[in-house]
Amino acid sequence: QGLAGVLMGGLEATTEGVKGYFVDLFVRASNGVAIGMYERMGYTKYRRVLGYYSGREEEDAWDMRKPMSRDKEGKSAVPLGRDIRPEELEW
């Protein structure tokens with residue numbers, strides 16, 4: 001399962017315990033290895049966040065989501081269908 005699987009499993013169990021609708025994470029758009037790993041764990045690309053990572057060069061992120069059992073129809077992870085900017089994120 002690996003460390004990532006253990007950590008994500010704990011996060012998902014905690015989210016289920018508080019009856020959350022989904023688990024949400026952000027990953028660099030260029031990190032195909034991580035994206036593939038999260039997809040194998042059941043996460044989907046919900047929306048692209050333009051310029052999410054700053055530094056010498058800005059980089060986009062994928063906001064990836066996995067619906068929990070409370071979201072029986074999986075609506076929380078249906079792709080948004082458009083890109084957003086970081087200032088549009090809800091906290």
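This is a predicted model: local features need pLDDT of at least 70, side-chain atom pairs count only at pLDDT 80 or more; totals for chains, interfaces and linings use all residues.
The protein chain contains two helices and three strands, arranged from the N terminus in the order α-β-α-β-β. Its radius of gyration is 14 Å, close to the 12 Å that the globule rule gives for 91 residues, so the chain is as compact as a globular protein of that length. The C-alpha trace extends over about 40 × 30 × 20 Å along its principal axes. Of the 91 residues, 35% are buried. The accessible surface amounts to about 5900 Å², and carbon and sulfur atoms contribute 53% of it. Among contacts between residues at least 6 apart in sequence, 61% connect residues at least 24 apart.

Strand β3 (residues 59-67) pairs with both other strands. With strand β1 (residues 22-28) the pairing is antiparallel and comprises seven bridges; F22 has P67 of β3 as its bridge partner. Five residues separate β2 from β3 in a hairpin, and G55 in the turn adopts a positive phi of about 145°. Seven of the nine residues of β3 are buried, so this strand is largely enclosed by the rest of the structure.

Helix α2 (residues 32-40) also contributes buried positions, namely A34, I35, G36 and Y38. The cover over the buried residues of α2 includes α1 (2-17) together with β1, β2 and β3. Just after α2, G42 has a positive phi of about 100°.

Eight salt bridges are present in the structure. In one of them, the side chains of E12 and K66 meet at 3.1 Å, N to O. This pair links distant parts of the chain, with E12 in helix α1 and K66 in strand β3, 54 residues apart. E12 is buried, with a relative accessible area of 14%, and K66 counts as buried at 19% relative accessibility. A further salt bridge joins the side chains of R65 and D24 (3.3 Å, N to O). Here too distant parts of the chain are linked, R65 belonging to strand β3 and D24 to strand β1, 41 residues apart. R65 is buried, with a relative accessible area of 7%, whereas D24 counts as partly exposed at 31% relative accessibility.

The side chains of R48 and D60 form another salt bridge, at 2.9 Å, N to O. R48 lies in strand β2 and D60 in strand β3, so the pair ties together parts that are 12 residues apart in sequence. At 24% relative accessibility, R48 is partly exposed.

Turning to the surface, L3, V6 and L7 make up a nonpolar patch with about 320 Å² of accessible area together, and V6 is located in helix α1. E73 is found in the segment after β3 and counts as exposed, at 63% relative accessibility. The C-alpha atoms of E73 and Y53 are separated by 31 Å, the two residues being 20 apart along the chain.

Definitions and conventions:
Residues are numbered from 1 along each chain as its sequence is written. Side-chain values use heavy atoms; hydrogens and water are left out. Buried means under 20% relative accessible area, exposed over 50%, partly exposed in between (1.4 Å probe, protein chains only). Helices (H or I, at least four residues) and strands (E, at least two) are DSSP runs, numbered from the N terminus. Two strands pair if DSSP finds at least two bridges between them. Contact means heavy atoms within 4.5 Å. Patches are made of residues with over 30% relative accessible area and no salt bridge: like charges are joined within 9 Å, nonpolar side chains (Val, Leu, Ile, Met, Phe, Trp, Tyr) within 5 Å. Accessible areas come from the Shrake-Rupley method with a 1.4 Å probe; for residues, only the protein chains shown count as cover. A salt bridge is a side-chain nitrogen of Lys or Arg within 4 Å of a carboxyl oxygen of Asp or Glu. The radius of gyration is taken over C-alpha atoms; the globule rule is 2.2 Å times the number of residues to the power 0.38.
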